[in-house]
Amino acid sequence: MSPSLREVSPDAARVRRKIETLSSTLTLPTVRRALGVLEGEHSSSRLGGNNDPISTRDYTFEDEARLIDWKASAKSGHPMVVDRERLVTSRVHLLLDNGLEMQGRTASGETAAQVAINAMCMFAALSTRRHDSISLVFADSKSIIRKPFKGGLAQFEQAIDSGTGDETHSPRNFGALLDYARTLDDKGSLVVIATDDHALSEEHLHNIRLIAALHPLMLIDVSTLNPFRSIPFGQITDGLDGRRIPAFLIDEKTASAVDTHRQYLATRLEDELKKSKATLLRATSSEDMFSKFIRLVSVALKQTSSGNVYTTPLALGAGAVL
């Protein structure tokens, strides 16, 4: 059965509602621009770009002012817009590690899977607004299931929740997920891979570089809780055998050492990804992931803007701007 928001943590549910609000408030030009700075682009017959002109039509409130054709507007007596081909990829691949290990908790009390799912919903919120074709993939050690998807954000949420709602999870096979990503043949399409910080190792870097050579790559890395630090929502237990972590092991000095080691590995991974022009998005909760995603896109929009166009950061709801 598909899990509802009532069955997930309050933090995950709250961020899911923020994503839904974001999807409904962003204008189409901003969505196109936001995805454009994250993905690879190629020529297409779709509208809204700077390539060859396709048609002329009346200006609408969702159009960008720079698209107004002043000569045509002067002849008709009202603003006219020239539709041109735009650079775009028509498909986004969202690859989710659905292994048993993703049921581990984060410091916020959410599971790593809940954080990863919300991260995928962030990308889907933009892609569905632009009517892209989304390829949703779930992978564990038993199977790799691909679900081609077309529809709105609500339908995507149902698809990803139902795909991860099975209570009988198998262990992960992250290497197989990367091997699958290497088989994707539509060069230039955006690939987003979501997992936790225990899945990645040195042996995976070669495959990640090969994927990034053919696709714009975004790696979602969910940081699970530190087992040597006390938590406010219960006792820490081993995910496989259910044994509790002894109280004498809960020590701030040890916890700090683990944090330092994890940060070192994350920094090293980020450096490796930058060499391949891939992006690492690492967070400890859905709220943290949401904030970092908005900040990433807002900074990219600002860096690629010219003059006063697109200098406004992404806004969420009334009065909340990130």
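Seven of the seven residues of strand S5 (residues 133–139) are buried, so this strand is largely enclosed by the rest of the structure; buried means under 20% relative accessible area, exposed over 50% and partly exposed in between, with a 1.4 Å probe and protein chains only. The model is a predicted one, in which local features need pLDDT of at least 70 and side-chain atom pairs count only at pLDDT 80 or more, while totals for chains, interfaces and linings use all residues. Residues are numbered from 1 along each chain as its sequence is written, and side-chain values use heavy atoms, with hydrogens and water left out.

**Overall composition**

- The protein chain holds nine helices and 11 strands, where helices (H or I, at least four residues) and strands (E, at least two) are DSSP runs numbered from the N terminus.
- Of the 322 residues of the protein chain, 48% count as buried.
- Among contacts (heavy atoms within 4.5 Å) between residues at least 6 apart in sequence, 75% join residues at least 24 apart.

**The open sheet**

- Six strands, in the order S6-S5-S4-S7-S8-S9, form an open sheet with mixed pairing; two strands pair if DSSP finds at least two bridges between them.
- Strand S6 (144–149) and strand S9 (279–283) stand at the edges with a single partner strand each, so one side of each is left without a neighbour in the sheet.
- Neighbouring strands of this sheet are turned against each other by 15° on average, direction ignored, the axes being lines fitted to C-alpha atoms (for helices over the stretch in contact) and the angles running from 0 to 180 degrees between N-to-C directions.
- Strand S4 (residues 91–97) pairs with S5 in the parallel sense over seven bridges, and aspartate 97 stands opposite alanine 139 in S5.
- From S5, Ser133, Ser135, Val137 and Ala139 point one way and Ile134, Leu136 and Phe138 the other way, and all are buried.
- Strand S7 (residues 190–196) and strand S8 (residues 217–222) also pair in the parallel sense, over six bridges, with aspartate 196 opposite valine 222 in S8.

**Helix H4**

- Helix H4 (residues 112–129) has 18 residues and reaches 26 Å from its first C-alpha to its last, close to the 26 Å expected at 1.5 Å a residue, the expected span being 1.5 Å times one less than the number of residues.
- Because 18 of the 18 residues of H4 are buried, this helix is largely enclosed by the rest of the structure.
- Serine 127 is found in helix H4 and, at 1% relative accessibility, counts as buried.
- Leaving aside neighbours within four places in sequence, serine 127 is in contact with Leu35, Val92, Asp132 and Ile134.
- Just after H4, histidine 131 takes a positive phi of about 60°.

**Salt bridges and charged side chains**

- A search of the whole structure finds 15 salt bridges, each being a side-chain nitrogen of Lys or Arg within 4 Å of a carboxyl oxygen of Asp or Glu.
- Arginine 172 and aspartate 196 meet through their side chains in a salt bridge (2.8 Å, N to O); arginine 172 lies in the loop between helix H5 (153–163) and helix H6 (174–182) and aspartate 196 in strand S7, so the pair ties together parts that are 24 residues apart in sequence.
- Both arginine 172 and aspartate 196 are buried.
- Glutamate 202 forms a salt bridge with arginine 268, with the closest N and O atoms 2.7 Å apart; glutamate 202 lies in helix H7 (residues 202–214) and arginine 268 in helix H8 (residues 252–275), so the pair ties together parts that are 66 residues apart in sequence.
- Glutamate 202 counts as partly exposed at 47% relative accessibility, and arginine 268 counts as partly exposed at 37%.
- Aspartate 259 and arginine 229 meet in a side-chain salt bridge (2.8 Å, N to O); aspartate 259 lies in helix H8 and arginine 229 in the loop between S8 and H8, so the pair ties together parts that are 30 residues apart in sequence.
- A network of salt bridges links Asp11, Arg14, Lys18 and Glu287.
- Arginine 262, which lies in helix H8, is buried yet has no salt bridge, and the nearest side chain of opposite charge, aspartate 197, is 4.2 Å away; Lys and Arg count as positive and Asp and Glu as negative, while His and the chain ends are not counted.
- Leaving aside neighbours within four places in sequence, arginine 262 is in contact with residues including Asp197, His198, Ser223 and Arg282.
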